[in-house]
Amino acid sequence: MKLRLKTFAAALVTAGLSASVSAAAEETIKVGMMSPNTGPFAVIGEDVRNGFQLYVDEIGGMAAGAKLEVIFEDTQAKPDVGLTKIKKLVESDGVNFVGGIVSSSVAYALRDYMVEKNVPLVVSVASADGLTQQLAAPNIFRTNSSGSQASHPFGKWLFEQGYKRVVMIAPGYAMGFEQTGGIARTFTEAGGEVIQSLYPPLGTADYAPFLTSLKIDEADAVVAVFAGSEAIKFVKQFEEYGLKGTIPLVGTSLLTDDLILGQQGDSALGIVTASHYSSALDTPGNAAFVKAYREKYDRSPTLYSEGSYVTAKAIHMAIEALGGDLSDPAKVNEALAAVSFDSPRGPFKFDGYNSPVHDIYAFEVKRKDGELVNEPIERFEAVSQFYTWSPEDYMAMKPYRDIANDWAK
Amino acid sequence: MAFYTIQILNGLSLAMLLFLIASGLSVIFGLMRIINLAHGSFYLLGGYFGLSVLNQTGNFWLAILVAAAIVAAIGMVLQRVLLERVHGNELGQVLMSFGVLLVISDLALWFWGGLPQTLDRPDFLDGALRFAGLFFPKYRVALIVCGFAVALAIWLIIERTRIGAVIRAGVDDAEMVRAIGFDIKMVFLLVFGAGAALAGAAGVLGGAMLGIYPGADFEVVLQAFAVVVIGGLGSLRGAFVGSLLIGFSDTIGKALLPEFAMFTIFVPMVAMLVIRPEGLFGRA
Amino acid sequence: MREISQMKPSLVAGALAVAAFAAAAALGGLLSSYSTGLLIDCLIFSVLALGLNLLLGQTGLPSLGHAAYFGVGAYTAGLVMLHVSDSFWWGAAAAIATSMAVGAAYGLLALRTSGVYFLIITLALGQITFAIAFSWRSLTGGDDGLRGIGRPDLGLPGLNVDTTAGYYLLALTAAAAALLLMRLIVRSPFGEALRGIHQNSDRMAALGYNVWLYKFLAFVISAGFAGWAGVIFVYYKGFISPEAVGIVVSAEVTLMVIVGGAGTLIGPFLGAFLVVFMSHVVSGYTDRWLTVLGLLYICVMLFAPKGIVTLVGDAWRARRSA
């Protein structure tokens, strides 16, 4: 309540009159947490807040002897609103770090402002490749995979599993282009062939017309990338139209992530996806994390909550490394970039562009003890967003979002 | 050939779902001149109430009935308490109903959570029909049949019953109906409730086909408006033909020209408004 | 004698306006940068609402797609900055011209309809514009939007718009210029003709006015104001994405005009300030802020359909005559 009243007051113009409040140095360290609380992305926003709060509670709300104060703000998943909110956090609340961010368009909109202010921004979910590639900056970090990061090893692996010809279907915007692009690149380089790519637009109510247009007779597998309600629709309709069982369905994590898997039910059984996290992972850190998360929120963690948990941990580790002295922005950025720790997903560290280097898994949806889970079936060790390329070579290639229609022959 | 057969069936199933929503929207407009954006909220609420009933009882038909009844009640309250007060002010109605849409979608998010949900359909409608090497979900066949049945029923009510005659007269001239002694306000209320009930039932039926999730209200109401505009505001026949046209353009158009898929609804809508603002079957 | 009595009120009003402007300008130096930023948001939407008001309040044409011209202006100014020149004037000129051109094209289509159909067609045209912004990736950046748009060069020595306070002065001046221009338009014979059309277009036609042409010009001018708002928006935010073009923004601007008072000059400003501040204050206070915003829509239509300015004016007149 106190926090809310403060936010309330801060938003009033009058708050500006006392602009010269000097923050009481490092007795309290403030972290802004931005996530969508309203609209279609609200459910992901909730996971993001939960994961972050779980970690903060685990460390008793203290970091390097200072009190850690978390200020949550609603981005409404709108870039314009996100920018205003982050200005509030930085200029009015005087936060030392900002975490969260689900939508890539919001992340892009904040990027320049945060670089100018040089306050560390640790993105928990938004996956836009460019954020930690062409637009990388010393104070911009990301804890979840970049758009095509999990796709690269997966595409090659698919070829090795014996698939030679695939059809691809993904939403017609950047997320879909990046995730399918990564698969298409390594799959075709290995010798495979993409024979068709379909990109249903935003707001497609019904996937039936696309499903029935897929050239499944000529393909060995369907590669699909969808998220949220679209993923539920797609997976259910894939079964309804008799495709399930006749052709394998593979994709990226969002297609069957732990958040929506329960809603997809048995339709999802057998789908193979690539990602860095599922709640079924058998790493040293995951069992305790899943248990604590379930106890606190009465549901399984997702890659959104885990990503946000890791965000909190990265920030905490950096504060500890500096002994709580956050006075030099350059040192704060360096300390963050240097963190390296065990997390629920396994070993975690940043690459030279502040995007994670972590293990990628192929997961298969199975039923275990009555529950549907994403069971790991293959591990690709320590994968970075650049995969086997050098950063320079990689970034010299055209971004996936611009070449989505070039894959299909 | 098989491709087109399946796409036509796809188009038909979407069209019938749209018709359930758009028919009410259209008749309500014809009678009361209300542009009700909150009609999408009726669909959303129907889906969610249906979900709650389904989770409690497991009975799909009961879910449809209860959802339709609750949404009808909400619709009638909305009509009496809010929309009627701004009668004659078209922009006022649009903005007020937009406000209602915001409130309902936010409260639904609060109450049912943001997780996209699917409604379990009755067992006998699970699975697919196979004929001539084609594969088509049974549920969609049932939806198509249901859509035609509802269309026929509404047509019979409007063309062959006393209340239907009053409604037809009201669409032509509400003042006259009042003048010959009918309680036109009661007719308004009942028709509004019936339209809301149809949209609520559509929420359950659609929820079992497409899922129910935050934002479904807005998607649906924009499509329904396209249907109503193309068919002609106030015309039941127009709503039916409009549903077919939008259903087909949205499925076949998207399948054939995916690059232009975002334009399959609004471009036909603008074209119709420019060429014939009153729509195919509307009266100017 | 008559001349002096006519002069006086306008002189007083002028002095008041200058004082108000000076006070508002001084405010930028006093407030925190975050509060100043919110004021800039308010000013941007004030200009957009001011433009819509010419259609809605003066001419009686309820457009529900005004975010389209706002977006076109913002995208154009952004593209000029990214690919052509960082001059504010080039960007602004190109943006206003493009907005007005799109407004002319849409106006030709929309003015074939009237009443409720006009509402619907402007909404549909707005959604088509949104779809173009979303789909034309090579030009607009698609869903990611255009980013990396820096602050413009005004070519005026001593004016630094890189800071929030500096930009506030620019936004304030831009809004004041828009207000003055709108005042001129509204008080001109053209503006009177628009109000005449609003009240009774048949009579105006009978009097020999080309009603269609007046409506069309109002539409195009209104789009120009929206484009101008887009310019101030994009240079301030540094990015533009399809969300800014969608129906949510269109509806919100319409609400601003109505809350403040359609047909008044100051109403759109009041409405914009109220809605922008309410969104930010309430959303910091509760997660259920969309419910509050929705209730605002409902309550305004129920209790103050003519807006605050009209409401206050009526109350004042009632007291004076009592």
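Reply: Let us begin with one span of chain B: residues 186-213 are 89% helix and 0% strand, and their end C-alpha atoms lie 33 Å apart. Helices (H or I, at least four residues) and strands (E, at least two) are DSSP runs, numbered from the N terminus. This is a predicted model, in which local features need pLDDT of at least 70 and side-chain atom pairs count only at pLDDT 80 or more, while totals for chains, interfaces and linings use all residues. Residues are numbered from 1 along each chain as its sequence is written, and chains are lettered from A and ligands numbered from 1 in the order in which they are written.

Me: Which feature does UniProt place at residues 186-213 of chain B?

Reply: UniProt positions are given in the numbering used here, with shortened feature names, and annotations may be inferred rather than shown by experiment. The unreviewed entry gives "transmembrane region" for residues 186-213 of chain B, and also for other spans including 94-113. Residues 94-113 of chain B are 95% helix and 0% strand, with end C-alpha atoms 27 Å apart.

Me: In what order do the strands of the open sheet in chain A lie?

Reply: Two strands pair if DSSP finds at least two bridges between them. In chain A, six strands form an open sheet in the order 2-3-1-4-5-6, with mixed pairing. Strand 2 (62-63) and strand 6 (140-142) of chain A each have a single partner strand, so they stand at the edges and one side of each lacks a neighbour in the sheet. Strand 2 of chain A runs antiparallel to strand 3 (residues 66-74) of chain A, and two bridges join them. Ala63(A) has Ala66(A), in strand 3, as its bridge partner.

Me: How many helices and strands does chain C have?

Reply: Chain C has 14 helices and zero strands. Its radius of gyration, taken over C-alpha atoms, is compared with a globule rule of 2.2 Å times the number of residues to the power 0.38. For 322 residues a compact globule would have a value near 20 Å, and chain C, at 20 Å, agrees. The C-alpha atoms of chain C fill a box of roughly 55 × 50 × 45 Å along the principal axes.
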